[in-house]
Amino acid sequence: MHKVFATAPGKVNLALRVGPPRTDSFHPLDTVFEAVDVYESVSATFDRSEISVTMSGKGQDLPTDEQNLAVKAAMALRASFGGSDGVHLEIDKRIPVAGGMAGGSADAAATLVACNELWELEASADELLEIAASIGSDVPFALMGGLAHGVGRGERLVPINADVHHYWVMITAADGLSTPAVFGEFDQIMGYRPVPEALVPDTRDLQRALAAGNASEIASLLINDLEEPAFSLRPGLRALYKAVKSRGMAAILSGSGPTVAVLAESKGAADQLAKELATEHPDAGIFRANGPVAGARVTEVI
Ligand code: C5P
């Protein structure tokens with residue numbers, strides 16, 4: 001085998017509750033992730049020793065050195081198995097860069113499953129999740145997919161079984177937002193300083209509504225504590241959010257933004273709303289997404 005193809009999904013957080021920063025400067029979270037059908041595609045070609053990456057689609061301006069999350073993922077996987085094989089990664093990015101949908105984490109997750117196959121490492125799901133957590137807080141969820149409850153810094157996951165289908169209209173901005181900057185603004189607004197241990201508001205009501213499949217209750221429980229700091233950094237985003245909020249069942253900022261996700265009542269309603277918003281907001285990137293969907297997986301081996 002010398003070439004492996006893999007995909008990994010983007011995400012929205014149906015709820016994202018944030019506590020005061022820990023002493024390691026990460027914020028404790030209580031969150032519900034939903035994987036959506038906007039995918040990063042990675043092809044991994046065997047190399048005798050080098051690890052390298054090229055990016056196409058939305059990723060042309062991203063770093064291709066060791067800061068690249070896919071490169072980090074391949075290096076971390078190789079190091080944990082003590083191997084010397086290399087890989088050339090080609091990533092076709094479809095998820096907006098710095099949009100709050102965990103596109104970089106999806107690159108890393110797809111790379112982990114692709115290289116696990118390419119290098120014939122036979123890493124278990126738990127081993128991959130552990131390596132994923134060392135790369136970034138959202139990487140384990142990009143591996144797992146579906147719906148999950150996340151705690152810690154977002155890396156400790158429990159899957160949620162729920163027979164729900166969500167039809168989203170996503171509105172992106174040309175300029176992304178830096179996740180650390182949004183968390184920093186959150187601390188500023190809340191007057192928070194790092195503390196050894198802190199309580200985080202929980203997401204139990206939403207988890208119960210998901211298990212019960214209660215669509216209107218789910219819609220009423222969408223919440224994101226990073227909305228205020230993201231709006232504070234990007235005032236135009238608040239106006240956009242207000243303008244679209246009443247157009248579906250609910251709207252929510254995706255992760256640390258600036259992507260806004262509008263939840264529609266049905267697939268037809270979402271398709272129609274996407275058309276309308278594309279006309280009304282010609283400068284924004286409007287696209288449809290559906291969730292939940294499966295996590296990172298190998299799609300082809302040559
Ligand atoms: O884990 P990841 O590397 O994706 O996080 C990027 C940055 O986002 C962190 O360096 C930190 O500033 C912020 N972050 C945070 N709390 C989290 C997750 C991320 O403060 N739970």
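Before the first stop, one cut-off: a residue counts as buried if 20 or more other C-beta atoms lie within 10 Å of its own, as exposed if 12 or fewer do, and as partly exposed in between. Keep in mind as well that this is a predicted model.

**Stop one: a residue with positive phi**

Select Ala98, in the loop between strand S4 (86–93) and helix H2 (103–118). Ala98 is partly exposed because 19 other C-beta atoms lie within 10 Å. Its phi is positive, at about 50 degrees, although Ala98 is not a glycine.

Now jump to Ser25, which sits in the loop between S1 and strand S2 (29–47). Ser25 is not a glycine either, yet its phi is positive at about 75 degrees. Is Ser25 buried or exposed? With 11 C-beta neighbours inside 10 Å, it counts as exposed.

**Stop two: the whole chain**

The C-alpha trace spans about 55 × 45 × 40 Å along its principal axes. For 302 residues, a compact globule would have a radius of gyration near 19 Å, and the chain agrees with that because its own value is 19 Å. Of these 302 residues, 48% count as buried.

Colouring by confidence is quick: the average pLDDT is 97, and 100% of the residues score at least 70. For the complex, the predictor gives an ipTM of 0.98 and a pTM of 0.97.

**Stop three: the annotated active site**

Select Lys11 and Asp138 together; an unreviewed UniProt entry places the feature "active site" at these two. They are spread over 128 residues of sequence but cluster in space, with a largest C-alpha distance of 9.2 Å.

Centre on Lys11, in strand S1 (residues 3–18). Lys11 is buried, since 33 other C-beta atoms lie within 10 Å. Beyond its neighbours within four places in sequence, Lys11 has contacts that include Phe33, Glu34, Met101 and Asp138.

Then move to Asp138, in the loop between helix H3 (125–135) and helix H4 (139–144). Asp138 counts as buried, with 30 C-beta neighbours inside 10 Å. Leaving aside neighbours within four places in sequence, its contacts are Lys11, Ala102, Ser105 and Gly154.

**Stop four: the ligand**

Show the ligand and its surroundings, which include Phe26, His27, Asp138, Arg153 and Phe183. Which helix gives the largest share of this shell? It is H5, with three residues. By type, the shell divides into four nonpolar, five polar and two charged residues.

**Stop five: the annotated domain**

Select residues 68–146, listed in an unreviewed UniProt entry as "domain: GHMP kinase N-terminal". This span is 58% helix and 10% strand, and its end C-alpha atoms lie 25 Å apart.

**Stop six: two cis peptide bonds**

Select Gly257 and Pro258, joined by a cis peptide bond with omega of about 5 degrees. Pro258 lies in the loop between strand S9 (250–253) and strand S10 (260–264). Another cis bond joins Gly291 and Pro292, with omega of about -5 degrees. Pro292 is in the loop between strand S11 (285–291) and strand S12 (297–301).

**Last stop: Asp202**

Finish at Asp202, in the loop between helix H5 (179–190) and helix H6 (204–212). Its C-alpha atom is separated by 7.1 Å from that of Arg17, 185 residues apart along the chain. Asp202 counts as partly exposed, with 13 C-beta neighbours inside 10 Å.

Terms used:
Residues are numbered from 1 along each chain as its sequence is written. This is a predicted model: local features need pLDDT of at least 70, side-chain atom pairs count only at pLDDT 80 or more; totals for chains, interfaces and linings use all residues. UniProt positions are given in the numbering used here, feature names are shortened, and annotations may be inferred rather than shown by experiment. Helices (H or I, at least four residues) and strands (E, at least two) are DSSP runs, numbered from the N terminus. Two residues are in contact if their C-beta atoms, placed from the backbone, lie within 7 Å. A residue is near a molecule or strand if its C-beta atom, placed from the backbone, lies within 6 Å of it. Ala, Val, Leu, Ile, Met, Phe, Trp, Tyr, Cys and Pro count as nonpolar, Asp, Glu, Lys and Arg as charged, and the others, Gly among them, as polar. pLDDT is the predictor's confidence in each residue, from 0 to 100. The radius of gyration is taken over C-alpha atoms; the globule rule is 2.2 Å times the number of residues to the power 0.38.
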